[in-house]
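Subject: Structure handover

Hello,

Here is the structure I said I would pass on. My notes on what was found in it follow below.

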Amino acid sequence: MGAALAMAHVGLIYGAAARAFALAWPEPSSRHVDKMDCMAMTQPISPTGTPSDDDASVVLERVPQKVKPPQMHQVVLLNDDYTPMEFVVVVIQEFFSKDRETATQIMLKIHLEGKGVCGVYTHDVAATKVDQVMDAAQQAGHPLQCVSEPLE
């Protein structure tokens, strides 16, 4: 729309103030119109960087990731000369879900060899088991020690 036509249209509706505004408003430049025409004529770009067609589609292939299993840790009870054997058996039954016979065998191994493996778990689970055993021993007033060792 030319400035004269805009001024006539605006002048009819809004009066002298609008006419002054219409005179100050620039005509659209041919460069601006050409750029807009070019933008409308270009095709959208697909994720691969090539122009897309309506018939073609892009399929992204999922690459399977190699996930290694988590490092396992063994929970080990250490022998001391003060913690009663029966308490050790109860701890093994309660926190490691062992039956009485298995818990007694683990307790005897701890007593005879100085330490015994109560279970093998992921790092987080092993740390939780150690904390539970240490809290139970402390509450009962026993110096029982429990540690988590990584398996190789």
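Leaving aside neighbours within four places in sequence, I92 is in contact with L77, S97, K98, A103, I106, M107, I110 and C118. Please keep in mind that this is a predicted model.

I92 also belongs to the largest nonpolar core, which has 22 residues. Along with V75, L77, V88, F96, V133 and L144, I92 touches the most other members of that core. Two or more core residues come from each of β1, α4 (85-96), α5 (100-113), β2 and α6. The most come from α4, which gives seven residues.

Next, the sheet. Three strands form an open sheet in the order β2-β1-β3, and their pairing is antiparallel. The edges are β2 (115-122) and β3 (145-150); each has a single partner strand, so one side of each has no neighbour in the sheet. From one strand to the next, the twist averages 25 degrees. Seven bridges join β1 and β2 in the antiparallel sense, and L78 has K115 in β2 as its bridge partner. Helix α6 (residues 123-140) lies across β1, β2 and β3, at about 135 degrees to β2.

Is Q74 buried or exposed? Q74 counts as buried, because its relative accessibility is 17% and the cut-off for buried is under 20%. Apart from neighbours within four places in sequence, Q74 is in contact with V117, G119, V120, V147, S148, E149 and L151.

Regards

Definitions and conventions:
Residues numbered from 1 in each chain as written. Predicted model: local features only at pLDDT ≥ 70, side-chain atom pairs only at ≥ 80, totals over all residues. Heavy atoms only, no water. Buried < 20%, exposed > 50% of the residue type's maximum accessible area, 1.4 Å probe, protein only. Contact = heavy atoms within 4.5 Å. Pairing = 2+ DSSP bridges. Helix = DSSP H or I, 4+ residues; strand = E, 2+ residues; numbered from the N terminus. Axes fitted to C-alpha atoms, helices over the stretch in contact; angles between N-to-C directions. Core = buried A, V, L, I, M, F, W, Y, C linked by side-chain atoms within 4.5 Å.
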